[in-house]
Amino acid sequence: MHVLITADTVGGVWTYVRELVSGLARRGVRVTLISFGNIPTADQLAWLDGLPEVDYRATAFRLDCQADLELSAKYVDQVVSEVKPELLHLNQYYYGSLACNVPRLVVAHSDVVSWWHAVHGHEPPESTWLSWYREIVSRGLSRADAVVAPSRWMLDAATRHYLRPANGLVIHNGRSPFLFHPYVPKDDCVVSVGRLWDCGKQVSLLAEHKMPVKTYIVGSEVHPDAAYRAGLHDAVGRSRVHFKGPQSEAQLAMLYARASIYAATSRYEPFGLAPVEAAFSRCALVANDIPTFRELWDDAACYFNANDGESLRAAVERLNEDPGLRVEYANRAYQHARRQFGAERMVDSYMNLYQQLAFRQSAAA
């Protein structure tokens with residue numbers, strides 16, 4: 001089988017694509033991979049060194065620019081005509097409406113409207129740009145042979161804010177457990193991943209009250225608005241929060257390994273790879289009580305009241321003061337992640353879907 005996959009190189013989608021493409025290649029699937037956005041660094045591309053059968057094509061088309069999207073769609077069409085894949089796996093809504101006659105699946109990783117609704121509690125204000133955005137998302141979803149979301153919550157959000165896909169299903173994102181270190185001795189500390197000013201990740205909850213143990217936030221701490229920056233740092237100075245800044249994958253894996261607790265603070269989270277990575281590192285999960293985390297983690301996480309910094313502090317204190325309970329939650333998270341969120345399980349699910357779509361195409365021919 002030959003699959004063409006689109007990707008962007010920013011954030012979790014690139015990690016997801018790396019796990020997927022590596023697994024597909026091990027199963028003998030031929031992959032043509034096209035990326036958009038920033039050209040990847042050498043470190044970001046290192047995983048491709050052992051996969052010579054993957055045809056990788058980097059582009060610098062911007063995904064937030066209408067003109068670039070139109071040009072990039074023409075480029076994808078040209079590549080499809082050149083390499084003749086049997087299936088398109090599209091990680092951006094826009095390309096779901098390509099004119100080529102090839103079965104395609106679109107993955108609903110996230111979207112602007114569901115983000116706005118989760119963060120602000122209401123629909124975003126109407127604008128010319130938003131009308132255009134709703135149109136391209138709806139068109140991409142409607143023309144897909146299958147729409148995949150990483151959680152039921154995200155699939156329902158796509159249905160609620162755009163349209164009900166004709167063939168929608170959930171495939172959890174996955175990570176490779178061997179990349180993490182579940183047997184390293186733990187320190188009494190908390191780790192969380194996210195930019196301080198990101199309202200969706202809202203790691204700023206950790207700075208609202210003095211934490212009972214050292215707390216490390218991985219990600220940029222400098223807000224682009226200087227007026228807002230000072231207030232955040234005043235709060236951080238009183239909270240025992242320490243910033244590690246952006247970290248390499250190896251550095252982050254060691255932070256997870258030494259941390260006893262991972263704080264999953266997001267108020268908008270279609271899935272969340274960082275909690276999975278922390279669970280594979282045998283961290284106890286303290287999670288915001290939002291539908292996605294309840295769906296994905298069930299009783300494998302310790303929850304705090306939704307978006308409540310004091311409740312978060314109390315949950316961390318409870319686990320820190322009861323080592324036995326903390327270890328119990330760490331083991332629950334680890335075992336749950338092994339059962340539900342391994343990369344091999346994800347790749348198997350996509351392989352099954354690819355085969356179904358290819359069969360339908362051949363039967364219809």
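Me: Which residue in strand 10 does I217 stand opposite?
Reply: I217 stands opposite F243. This is a predicted model, in which local features need pLDDT of at least 70, side-chain atom pairs count only at pLDDT 80 or more, and totals for chains, interfaces and linings use all residues. Residues are numbered from 1 along each chain as its sequence is written, and side-chain values use heavy atoms, with hydrogens and water left out.

Me: In what sense do strand 9 and strand 10 pair, and over how many bridges?
Reply: Strand 9, residues 214-218, pairs with strand 10 in the parallel sense over 3 bridges. Strands are DSSP runs of E of at least two residues, helices are runs of H or I of at least four, and both are numbered from the N terminus. Two strands pair if DSSP finds at least two bridges between them.

Me: What is the order of the strands in the open sheet?
Reply: The order of the 6 strands is 10-9-8-11-12-13, with parallel pairing. Strand 10 (241-243) and strand 13 (302-304) are at the edges with a single partner strand each, so one side of each lacks a neighbour in the sheet.

Me: Which strands does helix 9 touch?
Reply: Helix 9 (residues 273-280) packs on the sheet and touches strand 8 (187-193), strand 11 (259-264) and strand 12 (284-288). Touching, or contact, means heavy atoms within 4.5 Å.

Me: Where is S248 found?
Reply: S248 lies in the loop between strand 10 and helix 8 (249-258).

Key:
Axes are lines fitted to C-alpha atoms, for helices over the stretch in contact, and angles run from 0 to 180 degrees between N-to-C directions.
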